[in-house]
2 protein chains.
Amino acid sequence: MAAKKPAGRKDAQTALARAVFEGLRDEITGGKLRPGQVLSRRQVASRYGTSYIPVIEAMARLESAGLIDVEARQVARVRTITLETIQDDYVLREAYETQAVRLACEAATPGEIEDLYRLADAVDEYVAAGGTKRTGDKEGPLLHWQFHRRIAEVSRCRALVRELERIELLRRLQANWYFAPEVPDLPRCHALLVDAIESRNPAEADASMRAHVRSGLEKELLAYRMNVTPGTR
Amino acid sequence: MAAKKPAGRKDAQTALARAVFEGLRDEITGGKLRPGQVLSRRQVASRYGTSYIPVIEAMARLESAGLIDVEARQVARVRTITLETIQDDYVLREAYETQAVRLACEAATPGEIEDLYRLADAVDEYVAAGGTKRTGDKEGPLLHWQFHRRIAEVSRCRALVRELERIELLRRLQANWYFAPEVPDLPRCHALLVDAIESRNPAEADASMRAHVRSGLEKELLAYRMNVTPGTR
DNA sequence: GATCTATCAGTGATATATCAAAGGCTCGAA
DNA sequence: TTCGAGCCTTTGATATATCACTGATAGATC
(Lines give C-alpha, C1' and ligand atoms only; values in the text may rest on other atoms or scores of the structure.)
Protein backbone atom coordinates (compact mmCIF):
# COMPACT_ATOMS: atom_id res chain seq x y z
CA MET A 1 0.00 0.00 0.00
CA ALA A 2 1.05 3.50 -0.62
CA ALA A 3 1.75 5.81 2.28
CA LYS A 4 -1.36 7.44 3.61
CA LYS A 5 -1.02 11.16 3.50
CA PRO A 6 -3.42 13.05 5.74
CA ALA A 7 -3.87 15.44 2.85
CA GLY A 8 -4.23 18.72 4.58
CA ARG A 9 -5.46 20.58 1.54
CA LYS A 10 -9.11 20.25 0.85
CA ASP A 11 -8.57 19.17 -2.74
CA ALA A 12 -6.06 16.46 -2.00
CA GLN A 13 -8.61 13.81 -1.16
CA THR A 14 -8.20 12.03 -4.42
CA ALA A 15 -4.53 11.66 -3.70
CA LEU A 16 -3.68 8.48 -5.52
CA ALA A 17 -5.70 9.01 -8.66
CA ARG A 18 -4.20 12.44 -8.98
CA ALA A 19 -0.71 11.18 -8.26
CA VAL A 20 -1.01 8.52 -10.93
CA PHE A 21 -2.38 11.02 -13.43
CA GLU A 22 0.33 13.55 -12.78
CA GLY A 23 3.00 10.90 -12.67
CA LEU A 24 2.03 9.40 -16.00
CA ARG A 25 1.51 12.84 -17.48
CA ASP A 26 5.02 13.84 -16.51
CA GLU A 27 6.49 10.56 -17.68
CA ILE A 28 4.80 10.97 -21.03
CA THR A 29 5.60 14.63 -21.57
CA GLY A 30 9.09 14.08 -20.17
CA GLY A 31 9.94 11.45 -22.72
CA LYS A 32 10.23 8.56 -20.32
CA LEU A 33 7.53 6.66 -22.14
CA ARG A 34 7.78 6.09 -25.85
CA PRO A 35 4.92 7.04 -28.17
CA GLY A 36 2.95 3.91 -28.88
CA GLN A 37 4.07 2.22 -25.70
CA VAL A 38 1.34 0.13 -24.16
CA LEU A 39 0.27 1.11 -20.68
CA SER A 40 -1.14 -1.79 -18.73
CA ARG A 41 -3.42 -0.58 -15.97
CA ARG A 42 -2.21 -3.31 -13.67
CA GLN A 43 1.45 -2.64 -14.29
CA VAL A 44 0.95 1.06 -13.78
CA ALA A 45 -0.88 0.31 -10.55
CA SER A 46 1.89 -1.83 -9.19
CA ARG A 47 4.55 0.58 -10.41
CA TYR A 48 2.87 3.38 -8.48
CA GLY A 49 2.10 1.12 -5.56
CA THR A 50 -1.62 1.63 -5.81
CA SER A 51 -4.53 -0.54 -6.66
CA TYR A 52 -6.25 -0.77 -9.97
CA ILE A 53 -8.96 1.79 -9.25
CA PRO A 54 -7.05 5.06 -9.19
CA VAL A 55 -5.42 4.04 -12.45
CA ILE A 56 -8.78 3.73 -14.15
CA GLU A 57 -9.57 7.33 -13.32
CA ALA A 58 -6.11 8.54 -14.23
CA MET A 59 -6.22 6.84 -17.60
CA ALA A 60 -9.64 8.28 -18.36
CA ARG A 61 -8.27 11.75 -17.72
CA LEU A 62 -5.14 11.10 -19.72
CA GLU A 63 -7.26 10.01 -22.63
CA SER A 64 -9.37 13.14 -22.39
CA ALA A 65 -6.19 15.19 -22.35
CA GLY A 66 -5.10 13.43 -25.52
CA LEU A 67 -1.92 12.07 -24.00
CA ILE A 68 -2.92 8.47 -24.49
CA ASP A 69 -5.05 6.72 -27.04
CA VAL A 70 -7.29 3.85 -26.08
CA GLU A 71 -7.96 1.58 -28.98
CA ALA A 72 -9.85 -1.63 -29.29
CA ARG A 73 -9.93 -3.92 -26.29
CA GLN A 74 -9.09 -0.91 -24.16
CA VAL A 75 -5.41 -1.15 -24.93
CA ALA A 76 -3.97 2.17 -23.85
CA ARG A 77 -0.94 3.51 -25.64
CA VAL A 78 1.07 6.66 -25.33
CA ARG A 79 -0.09 8.96 -28.09
CA THR A 80 1.71 8.30 -31.32
CA ILE A 81 2.84 11.13 -33.52
CA THR A 82 1.68 11.29 -37.09
CA LEU A 83 1.42 13.96 -39.71
CA GLU A 84 -2.24 14.25 -38.85
CA THR A 85 -1.73 14.71 -35.12
CA ILE A 86 0.90 17.36 -35.72
CA GLN A 87 -1.35 19.26 -38.09
CA ASP A 88 -4.43 18.90 -35.92
CA ASP A 89 -2.56 20.15 -32.88
CA TYR A 90 -1.41 23.16 -34.79
CA VAL A 91 -4.86 23.93 -36.07
CA LEU A 92 -6.07 24.07 -32.49
CA ARG A 93 -3.03 25.96 -31.32
CA GLU A 94 -3.53 28.52 -34.05
CA ALA A 95 -7.18 28.86 -33.09
CA TYR A 96 -6.33 29.40 -29.44
CA GLU A 97 -3.37 31.68 -29.91
CA THR A 98 -5.00 33.95 -32.45
CA GLN A 99 -8.07 34.21 -30.28
CA ALA A 100 -5.86 34.98 -27.31
CA VAL A 101 -4.01 37.85 -28.99
CA ARG A 102 -7.26 39.28 -30.24
CA LEU A 103 -8.63 39.37 -26.73
CA ALA A 104 -5.31 40.56 -25.38
CA CYS A 105 -5.52 43.52 -27.74
CA GLU A 106 -8.66 44.60 -25.98
CA ALA A 107 -7.91 43.59 -22.44
CA ALA A 108 -4.19 44.10 -21.87
CA THR A 109 -3.28 46.80 -19.38
CA PRO A 110 -0.13 48.87 -19.92
CA GLY A 111 1.51 46.97 -17.11
CA GLU A 112 0.73 43.67 -18.75
CA ILE A 113 2.10 44.88 -22.04
CA GLU A 114 5.34 45.81 -20.32
CA ASP A 115 5.39 42.38 -18.77
CA LEU A 116 4.88 40.80 -22.17
CA TYR A 117 7.72 42.86 -23.61
CA ARG A 118 9.97 41.59 -20.86
CA LEU A 119 9.12 38.01 -21.68
CA ALA A 120 9.31 38.59 -25.42
CA ASP A 121 12.73 40.19 -25.14
CA ALA A 122 13.97 37.29 -23.07
CA VAL A 123 12.80 34.83 -25.71
CA ASP A 124 14.15 36.90 -28.59
CA GLU A 125 17.51 37.32 -26.92
CA TYR A 126 17.71 33.66 -26.17
CA VAL A 127 16.93 32.81 -29.77
CA ALA A 128 19.34 35.43 -31.11
CA ALA A 129 22.10 34.00 -28.94
CA GLY A 130 21.55 30.69 -30.70
CA GLY A 131 20.65 29.12 -27.41
CA THR A 132 17.75 27.15 -28.70
CA LYS A 133 18.12 23.77 -30.30
CA ARG A 134 20.81 22.53 -27.99
CA THR A 135 19.99 18.92 -27.40
CA GLY A 136 18.07 18.50 -24.22
CA ASP A 137 17.61 22.22 -23.94
CA LYS A 138 14.83 23.07 -21.57
CA GLU A 139 15.23 26.77 -20.93
CA GLY A 140 14.41 28.07 -24.38
CA PRO A 141 11.16 26.19 -24.86
CA LEU A 142 10.17 27.08 -21.31
CA LEU A 143 10.69 30.79 -21.93
CA HIS A 144 8.79 30.51 -25.17
CA TRP A 145 5.92 28.75 -23.48
CA GLN A 146 5.79 31.28 -20.68
CA PHE A 147 5.47 34.06 -23.21
CA HIS A 148 2.63 32.43 -25.07
CA ARG A 149 0.94 31.40 -21.87
CA ARG A 150 1.09 34.93 -20.58
CA ILE A 151 -0.71 36.18 -23.67
CA ALA A 152 -3.50 33.73 -22.97
CA GLU A 153 -3.65 34.90 -19.38
CA VAL A 154 -3.87 38.48 -20.48
CA SER A 155 -6.84 37.52 -22.64
CA ARG A 156 -8.73 37.03 -19.37
CA CYS A 157 -10.21 33.76 -20.56
CA ARG A 158 -9.46 30.84 -18.30
CA ALA A 159 -10.78 28.33 -20.76
CA LEU A 160 -8.29 29.55 -23.33
CA VAL A 161 -5.41 29.12 -20.90
CA ARG A 162 -6.59 25.64 -20.02
CA GLU A 163 -6.87 24.50 -23.61
CA LEU A 164 -3.54 26.01 -24.54
CA GLU A 165 -1.94 24.18 -21.65
CA ARG A 166 -3.37 20.96 -22.94
CA ILE A 167 -1.87 21.55 -26.35
CA GLU A 168 1.44 22.47 -24.79
CA LEU A 169 1.57 19.07 -23.10
CA LEU A 170 1.10 17.40 -26.45
CA ARG A 171 3.90 19.51 -27.89
CA ARG A 172 6.22 18.46 -25.09
CA LEU A 173 5.45 14.83 -25.69
CA GLN A 174 6.42 15.30 -29.29
CA ALA A 175 9.50 17.39 -28.58
CA ASN A 176 11.13 14.42 -26.90
CA TRP A 177 11.14 12.37 -30.04
CA TYR A 178 11.52 14.83 -32.89
CA PHE A 179 14.41 17.19 -32.67
CA ALA A 180 13.82 20.33 -34.61
CA PRO A 181 16.56 21.40 -36.99
CA GLU A 182 18.15 24.79 -36.76
CA VAL A 183 15.75 27.22 -38.39
CA PRO A 184 16.32 30.87 -37.58
CA ASP A 185 13.36 32.90 -36.41
CA LEU A 186 12.85 36.42 -37.54
CA PRO A 187 14.73 38.76 -35.24
CA ARG A 188 12.56 40.30 -32.53
CA CYS A 189 9.85 37.97 -33.69
CA HIS A 190 8.14 37.90 -30.32
CA ALA A 191 8.48 41.55 -29.49
CA LEU A 192 6.67 42.22 -32.75
CA LEU A 193 3.74 40.24 -31.42
CA VAL A 194 3.60 42.49 -28.40
CA ASP A 195 3.82 45.49 -30.70
CA ALA A 196 0.71 44.19 -32.38
CA ILE A 197 -1.07 43.84 -29.07
CA GLU A 198 -0.01 47.31 -28.07
CA SER A 199 -1.38 48.67 -31.32
CA ARG A 200 -4.81 47.41 -30.19
CA ASN A 201 -5.54 46.09 -33.63
CA PRO A 202 -7.00 42.60 -33.27
CA ALA A 203 -6.95 41.70 -36.96
CA GLU A 204 -3.32 42.66 -37.27
CA ALA A 205 -2.37 40.87 -34.09
CA ASP A 206 -4.23 37.82 -35.32
CA ALA A 207 -2.31 37.86 -38.59
CA SER A 208 1.04 38.19 -36.82
CA MET A 209 0.28 35.40 -34.42
CA ARG A 210 -1.04 33.20 -37.19
CA ALA A 211 2.18 33.63 -39.12
CA HIS A 212 4.17 32.91 -35.99
CA VAL A 213 2.27 29.72 -35.24
CA ARG A 214 2.50 28.61 -38.85
CA SER A 215 6.25 29.01 -38.82
CA GLY A 216 6.25 26.80 -35.75
CA LEU A 217 4.25 24.23 -37.63
CA GLU A 218 6.70 24.34 -40.51
CA LYS A 219 9.53 23.60 -38.11
CA GLU A 220 7.67 20.70 -36.59
CA LEU A 221 6.87 19.25 -39.97
CA LEU A 222 10.51 19.59 -40.99
CA ALA A 223 11.57 17.85 -37.80
CA TYR A 224 9.04 15.12 -38.38
CA ARG A 225 10.24 14.47 -41.87
CA MET A 226 13.91 14.53 -40.86
CA ASN A 227 13.52 11.96 -38.12
CA VAL A 228 12.95 8.35 -38.75
CA THR A 229 9.70 7.44 -37.12
CA PRO A 230 10.82 6.31 -33.68
CA GLY A 231 8.38 4.81 -31.25
CA THR A 232 6.15 3.30 -33.86
CA ARG A 233 6.14 0.05 -32.00
CA MET B 1 -26.33 -6.65 -11.60
CA ALA B 2 -27.04 -4.93 -14.85
CA ALA B 3 -27.74 -7.05 -17.89
CA LYS B 4 -24.59 -8.42 -19.40
CA LYS B 5 -24.40 -7.58 -23.05
CA PRO B 6 -21.99 -9.71 -25.03
CA ALA B 7 -20.95 -6.51 -26.77
CA GLY B 8 -20.19 -7.72 -30.22
CA ARG B 9 -18.37 -4.58 -31.25
CA LYS B 10 -14.74 -4.50 -30.35
CA ASP B 11 -15.04 -1.15 -28.62
CA ALA B 12 -17.98 -2.05 -26.45
CA GLN B 13 -15.98 -3.78 -23.75
CA THR B 14 -16.26 -0.95 -21.33
CA ALA B 15 -20.00 -1.21 -21.56
CA LEU B 16 -21.08 0.05 -18.18
CA ALA B 17 -18.70 2.94 -17.84
CA ARG B 18 -19.69 4.11 -21.28
CA ALA B 19 -23.37 3.64 -20.56
CA VAL B 20 -23.13 5.70 -17.40
CA PHE B 21 -21.17 8.41 -19.18
CA GLU B 22 -23.60 8.63 -22.05
CA GLY B 23 -26.58 8.38 -19.78
CA LEU B 24 -25.45 11.20 -17.54
CA ARG B 25 -24.33 13.23 -20.52
CA ASP B 26 -27.77 12.95 -22.07
CA GLU B 27 -29.51 13.67 -18.80
CA ILE B 28 -27.41 16.78 -18.34
CA THR B 29 -27.68 18.09 -21.87
CA GLY B 30 -31.33 17.11 -21.99
CA GLY B 31 -32.22 19.22 -19.00
CA LYS B 32 -33.16 16.37 -16.71
CA LEU B 33 -30.54 17.41 -14.21
CA ARG B 34 -30.45 20.94 -12.92
CA PRO B 35 -27.26 22.99 -13.07
CA GLY B 36 -25.65 22.81 -9.66
CA GLN B 37 -27.33 19.56 -8.79
CA VAL B 38 -25.10 17.30 -6.76
CA LEU B 39 -24.29 13.95 -8.30
CA SER B 40 -23.48 11.34 -5.73
CA ARG B 41 -21.41 8.57 -7.23
CA ARG B 42 -23.20 5.99 -5.14
CA GLN B 43 -26.65 7.20 -6.08
CA VAL B 44 -25.72 7.33 -9.74
CA ALA B 45 -24.37 3.81 -9.46
CA SER B 46 -27.56 2.44 -7.95
CA ARG B 47 -29.70 4.45 -10.36
CA TYR B 48 -27.90 2.87 -13.30
CA GLY B 49 -27.77 -0.50 -11.60
CA THR B 50 -24.00 -0.67 -11.67
CA SER B 51 -21.33 -0.63 -9.06
CA TYR B 52 -19.29 2.30 -8.01
CA ILE B 53 -16.36 1.71 -10.36
CA PRO B 54 -17.84 2.54 -13.76
CA VAL B 55 -19.21 5.73 -12.26
CA ILE B 56 -15.74 6.87 -11.25
CA GLU B 57 -14.59 6.63 -14.84
CA ALA B 58 -17.75 8.21 -16.21
CA MET B 59 -17.49 11.17 -13.86
CA ALA B 60 -13.84 11.72 -14.73
CA ARG B 61 -14.81 11.94 -18.38
CA LEU B 62 -17.76 14.18 -17.68
CA GLU B 63 -15.49 16.51 -15.80
CA SER B 64 -13.02 16.60 -18.67
CA ALA B 65 -15.91 17.38 -21.00
CA GLY B 66 -16.84 20.28 -18.75
CA LEU B 67 -20.34 18.96 -18.07
CA ILE B 68 -19.76 18.61 -14.36
CA ASP B 69 -17.61 20.48 -11.92
CA VAL B 70 -15.88 18.71 -9.09
CA GLU B 71 -15.16 21.04 -6.25
CA ALA B 72 -13.65 20.54 -2.86
CA ARG B 73 -14.30 17.23 -1.13
CA GLN B 74 -14.94 15.78 -4.57
CA VAL B 75 -18.52 16.94 -4.63
CA ALA B 76 -19.63 16.67 -8.24
CA ARG B 77 -22.24 19.07 -9.52
CA VAL B 78 -23.84 19.62 -12.86
CA ARG B 79 -22.10 22.58 -14.41
CA THR B 80 -23.57 25.85 -13.28
CA ILE B 81 -24.09 28.68 -15.71
CA THR B 82 -22.52 32.03 -14.97
CA LEU B 83 -21.63 35.06 -16.99
CA GLU B 84 -18.08 33.79 -17.05
CA THR B 85 -18.93 30.32 -18.34
CA ILE B 86 -21.10 31.76 -21.08
CA GLN B 87 -18.37 34.13 -22.17
CA ASP B 88 -15.63 31.53 -21.95
CA ASP B 89 -17.64 29.08 -24.00
CA TYR B 90 -18.16 31.68 -26.67
CA VAL B 91 -14.51 32.60 -26.75
CA LEU B 92 -13.69 28.99 -27.50
CA ARG B 93 -16.57 28.64 -29.93
CA GLU B 94 -15.42 31.72 -31.80
CA ALA B 95 -11.88 30.36 -31.91
CA TYR B 96 -13.05 27.02 -33.30
CA GLU B 97 -15.61 28.32 -35.74
CA THR B 98 -13.42 31.02 -37.23
CA GLN B 99 -10.59 28.54 -37.59
CA ALA B 100 -13.00 26.11 -39.21
CA VAL B 101 -14.24 28.54 -41.85
CA ARG B 102 -10.71 29.61 -42.61
CA LEU B 103 -9.73 26.02 -43.28
CA ALA B 104 -12.99 25.40 -45.10
CA CYS B 105 -12.13 28.25 -47.46
CA GLU B 106 -9.08 26.34 -48.52
CA ALA B 107 -10.34 22.78 -48.37
CA ALA B 108 -13.99 22.85 -49.41
CA THR B 109 -14.81 21.09 -52.64
CA PRO B 110 -17.56 22.44 -54.90
CA GLY B 111 -19.75 19.56 -53.82
CA GLU B 112 -19.24 20.40 -50.18
CA ILE B 113 -20.06 24.02 -50.81
CA GLU B 114 -23.31 22.97 -52.44
CA ASP B 115 -24.00 20.82 -49.45
CA LEU B 116 -23.33 23.74 -47.13
CA TYR B 117 -25.70 25.93 -49.14
CA ARG B 118 -28.40 23.32 -48.73
CA LEU B 119 -27.94 23.29 -44.98
CA ALA B 120 -27.64 27.07 -44.78
CA ASP B 121 -30.83 27.58 -46.77
CA ALA B 122 -32.66 25.16 -44.53
CA VAL B 123 -31.55 27.09 -41.46
CA ASP B 124 -32.28 30.47 -43.01
CA GLU B 125 -35.73 29.41 -44.14
CA TYR B 126 -36.49 27.98 -40.75
CA VAL B 127 -35.43 31.20 -39.09
CA ALA B 128 -37.31 33.35 -41.61
CA ALA B 129 -40.45 31.34 -40.97
CA GLY B 130 -40.17 32.35 -37.33
CA GLY B 131 -39.83 28.72 -36.39
CA THR B 132 -37.11 29.19 -33.88
CA LYS B 133 -37.75 30.17 -30.31
CA ARG B 134 -40.80 28.05 -29.87
CA THR B 135 -40.55 26.64 -26.40
CA GLY B 136 -39.12 23.20 -26.45
CA ASP B 137 -38.20 23.59 -30.08
CA LYS B 138 -35.61 21.06 -31.10
CA GLU B 139 -35.58 21.20 -34.87
CA GLY B 140 -34.22 24.70 -35.33
CA PRO B 141 -31.22 24.34 -33.05
CA LEU B 142 -30.53 20.94 -34.56
CA LEU B 143 -30.45 22.33 -38.08
CA HIS B 144 -28.25 25.16 -36.92
CA TRP B 145 -25.86 22.78 -35.25
CA GLN B 146 -25.69 20.53 -38.30
CA PHE B 147 -24.73 23.49 -40.44
CA HIS B 148 -21.95 24.58 -38.13
CA ARG B 149 -20.76 21.04 -37.63
CA ARG B 150 -20.58 20.51 -41.35
CA ILE B 151 -18.30 23.50 -41.71
CA ALA B 152 -15.97 21.97 -39.17
CA GLU B 153 -16.07 18.69 -41.04
CA VAL B 154 -15.23 20.44 -44.27
CA SER B 155 -12.21 21.93 -42.56
CA ARG B 156 -10.77 18.41 -42.56
CA CYS B 157 -9.62 18.72 -38.97
CA ARG B 158 -11.00 16.06 -36.70
CA ALA B 159 -9.76 17.78 -33.59
CA LEU B 160 -11.78 20.85 -34.51
CA VAL B 161 -14.94 18.79 -34.92
CA ARG B 162 -14.34 17.10 -31.58
CA GLU B 163 -13.84 20.33 -29.69
CA LEU B 164 -16.80 21.98 -31.34
CA GLU B 165 -18.95 19.02 -30.35
CA ARG B 166 -17.83 19.44 -26.78
CA ILE B 167 -18.84 23.10 -26.80
CA GLU B 168 -22.16 22.20 -28.37
CA LEU B 169 -22.93 19.91 -25.45
CA LEU B 170 -22.32 22.80 -23.07
CA ARG B 171 -24.65 24.98 -25.12
CA ARG B 172 -27.38 22.37 -24.95
CA LEU B 173 -27.04 22.15 -21.20
CA GLN B 174 -27.51 25.86 -21.01
CA ALA B 175 -30.35 26.00 -23.53
CA ASN B 176 -32.54 24.01 -21.17
CA TRP B 177 -32.46 26.69 -18.53
CA TYR B 178 -32.21 29.97 -20.37
CA PHE B 179 -34.76 30.62 -23.02
CA ALA B 180 -33.53 33.05 -25.61
CA PRO B 181 -35.83 35.94 -26.45
CA GLU B 182 -36.97 36.59 -29.97
CA VAL B 183 -34.09 38.31 -31.72
CA PRO B 184 -34.24 38.32 -35.50
CA ASP B 185 -31.17 37.18 -37.39
CA LEU B 186 -30.07 38.91 -40.52
CA PRO B 187 -31.87 37.40 -43.49
CA ARG B 188 -29.81 34.75 -45.30
CA CYS B 189 -27.36 35.05 -42.49
CA HIS B 190 -26.04 31.51 -42.96
CA ALA B 191 -25.97 31.48 -46.71
CA LEU B 192 -23.74 34.53 -46.46
CA LEU B 193 -21.27 32.45 -44.52
CA VAL B 194 -21.16 29.93 -47.31
CA ASP B 195 -20.72 32.80 -49.77
CA ALA B 196 -17.64 33.75 -47.81
CA ILE B 197 -16.30 30.22 -47.97
CA GLU B 198 -16.99 30.06 -51.66
CA SER B 199 -15.09 33.30 -52.18
CA ARG B 200 -12.02 31.49 -50.80
CA ASN B 201 -11.09 34.48 -48.71
CA PRO B 202 -10.17 33.23 -45.24
CA ALA B 203 -9.94 36.65 -43.59
CA GLU B 204 -13.35 37.63 -44.85
CA ALA B 205 -14.88 34.32 -43.89
CA ASP B 206 -13.31 34.67 -40.46
CA ALA B 207 -14.84 38.11 -40.04
CA SER B 208 -18.29 36.91 -41.09
CA MET B 209 -18.18 33.94 -38.80
CA ARG B 210 -16.87 36.02 -35.94
CA ALA B 211 -19.78 38.41 -36.29
CA HIS B 212 -22.19 35.50 -36.48
CA VAL B 213 -20.84 33.90 -33.33
CA ARG B 214 -20.81 37.21 -31.51
CA SER B 215 -24.46 37.76 -32.33
CA GLY B 216 -25.10 34.36 -30.83
CA LEU B 217 -23.26 35.41 -27.71
CA GLU B 218 -25.34 38.57 -27.48
CA LYS B 219 -28.49 36.48 -27.58
CA GLU B 220 -27.21 34.17 -24.88
CA LEU B 221 -26.26 37.07 -22.68
CA LEU B 222 -29.66 38.62 -23.18
CA ALA B 223 -31.30 35.34 -22.29
CA TYR B 224 -29.12 35.03 -19.23
CA ARG B 225 -30.00 38.48 -18.00
CA MET B 226 -33.72 38.00 -18.67
CA ASN B 227 -33.97 34.81 -16.69
CA VAL B 228 -33.75 34.72 -12.98
CA THR B 229 -30.81 32.55 -12.12
CA PRO B 230 -32.46 29.16 -11.79
CA GLY B 231 -30.45 26.19 -10.64
CA THR B 232 -27.97 28.17 -8.65
CA ARG B 233 -28.26 25.82 -5.76
C1' DG C 1 -33.41 26.75 27.17
C1' DA C 2 -28.97 26.92 24.96
C1' DT C 3 -24.95 24.59 23.88
C1' DC C 4 -21.74 21.09 23.38
C1' DT C 5 -20.63 16.37 22.17
C1' DA C 6 -21.01 11.63 20.72
C1' DT C 7 -22.95 8.92 17.40
C1' DC C 8 -24.71 7.83 12.85
C1' DA C 9 -25.72 8.05 8.04
C1' DG C 10 -23.90 9.35 3.59
C1' DT C 11 -20.02 9.86 0.62
C1' DG C 12 -15.62 9.42 -1.68
C1' DA C 13 -11.23 6.77 -2.13
C1' DT C 14 -9.30 2.69 -2.53
C1' DA C 15 -8.04 -2.32 -1.87
C1' DT C 16 -9.21 -6.90 -3.00
C1' DA C 17 -11.60 -10.48 -5.43
C1' DT C 18 -13.88 -12.39 -9.39
C1' DC C 19 -14.93 -13.08 -14.24
C1' DA C 20 -14.15 -13.26 -19.05
C1' DA C 21 -11.45 -12.63 -23.08
C1' DA C 22 -7.09 -12.56 -25.68
C1' DG C 23 -2.46 -13.87 -26.57
C1' DG C 24 1.16 -16.77 -26.12
C1' DC C 25 3.50 -20.84 -25.18
C1' DT C 26 4.17 -25.83 -24.79
C1' DC C 27 3.75 -30.24 -26.25
C1' DG C 28 2.47 -33.61 -29.35
C1' DA C 29 1.36 -35.32 -33.90
C1' DA C 30 1.92 -35.29 -38.89
C1' DT D 1 10.34 -29.13 -38.94
C1' DT D 2 5.79 -27.33 -38.80
C1' DC D 3 1.19 -26.91 -37.39
C1' DG D 4 -2.55 -27.14 -34.11
C1' DA D 5 -5.01 -27.87 -29.59
C1' DG D 6 -5.15 -26.81 -24.99
C1' DC D 7 -3.44 -24.63 -20.87
C1' DC D 8 -1.59 -20.64 -18.57
C1' DT D 9 -0.67 -15.79 -18.08
C1' DT D 10 -1.98 -11.18 -18.58
C1' DT D 11 -5.32 -7.85 -18.89
C1' DG D 12 -9.53 -5.19 -18.54
C1' DA D 13 -14.20 -4.68 -16.33
C1' DT D 14 -16.62 -4.75 -12.48
C1' DA D 15 -18.60 -6.09 -7.85
C1' DT D 16 -17.91 -5.91 -3.01
C1' DA D 17 -15.77 -4.49 1.22
C1' DT D 18 -13.30 -1.29 4.06
C1' DC D 19 -11.60 3.13 5.70
C1' DA D 20 -11.73 8.02 6.58
C1' DC D 21 -14.14 12.19 6.56
C1' DT D 22 -18.19 15.31 6.86
C1' DG D 23 -22.49 16.93 8.24
C1' DA D 24 -26.37 16.25 10.98
C1' DT D 25 -28.83 14.89 14.90
C1' DA D 26 -29.97 13.40 19.39
C1' DG D 27 -28.86 13.40 23.97
C1' DA D 28 -26.37 15.16 27.83
C1' DT D 29 -24.73 19.09 30.39
C1' DC D 30 -24.58 23.77 32.14
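How many residues does the contact take from chain A and from chain B? The contact takes 32 residues from chain A and 32 residues from chain B. The model is predicted.

- Within the area that chain A buries against chain B, A:R61, A:V91 and A:Q99 supply 16%, which is more than any other three residues.
- Between the two chains there are 8 salt bridges.
- One salt bridge joins A:R61 to B:E63, with the closest N and O atoms 2.8 Å apart.
- Polar contact links 14 residue pairs between chain A and chain B, counting pairs in which both residues are at pLDDT 80 or more.
- On the side of chain A that touches chain B, at least two residues each come from α3, α4 (83-107), α7 (158-175) and α9 (202-226) of chain A.
- Helix α4 of chain A gives the most to that side, with 10 residues.
- By class, this side of chain A has 12 nonpolar, 5 polar and 15 charged residues.

**Salt bridges**

- Side chains of opposite charge can pair when their charged atoms come close.
- Over all chains, the count comes to 49 salt bridges.
- A:E94 and A:R214 form a salt bridge in which the closest N and O atoms are 2.8 Å apart.
- This pair links distant parts of the chain, since A:E94 lies in helix α4 of chain A and A:R214 in helix α9 of chain A, 120 residues apart.
- A:E94 is buried, at a relative accessible area of 5%, whereas A:R214 is partly exposed, at 36%.
- In chain B, B:R93 and B:E97 form a salt bridge with the closest N and O atoms 3.5 Å apart.
- B:E97 and B:R93 are separated by about one helical turn because they are 4 residues apart in helix α4 (residues 83-107) of chain B.
- Both B:E97 and B:R93 are buried.
- A salt bridge also joins the side chains of B:R210 and B:D206, at 3.0 Å from N to O.
- B:R210 and B:D206 lie 4 residues apart, about one turn, in helix α9 (residues 202-226) of chain B.
- B:R210 counts as buried because its relative accessibility is 8%, under the 20% limit.
- B:D206 likewise counts as buried, with a relative accessibility of 1%.
- A network of salt bridges links residues of both chains, including A:E94, A:R210, A:R214, B:D206 and B:R210.

- Sugar or phosphate accounts for 64% of the atoms of DNA strand C within 4 Å of the protein, and bases account for the rest.
- A phosphate oxygen of DNA strand C lies 2.6 Å from a backbone N or O atom of A:L16.
- For B:Q74, a side-chain N or O atom is 2.8 Å from a phosphate oxygen of DNA strand C.
- Two or more residues of this surface come from each of α1 (15-29) and α3 (52-65) of chain A, and α2 (41-47) and α3 (52-65) of chain B.
- The surface divides into 11 nonpolar, 7 polar and 3 charged residues.

Note on methods
Residues are numbered from 1 along each chain as its sequence is written. Chains are lettered from A and ligands numbered from 1 in the order in which they are written. This is a predicted model: local features need pLDDT of at least 70, side-chain atom pairs count only at pLDDT 80 or more; totals for chains, interfaces and linings use all residues. Side-chain values use heavy atoms; hydrogens and water are left out. A residue is near a molecule or strand if one of its heavy atoms lies within 4 Å of it. A polar contact is a pair of N or O atoms within 3.5 Å; within protein, one must be able to donate a hydrogen and the other to accept it, and residues adjacent in sequence count only if both atoms are side-chain atoms. Ala, Val, Leu, Ile, Met, Phe, Trp, Tyr, Cys and Pro count as nonpolar, Asp, Glu, Lys and Arg as charged, and the others, Gly among them, as polar. Contact means heavy atoms within 4.5 Å. Buried area is the accessible area (1.4 Å probe) that two parts lose on being put together, summed over both. A salt bridge is a side-chain nitrogen of Lys or Arg within 4 Å of a carboxyl oxygen of Asp or Glu. Buried means under 20% relative accessible area, exposed over 50%, partly exposed in between (1.4 Å probe, protein chains only).
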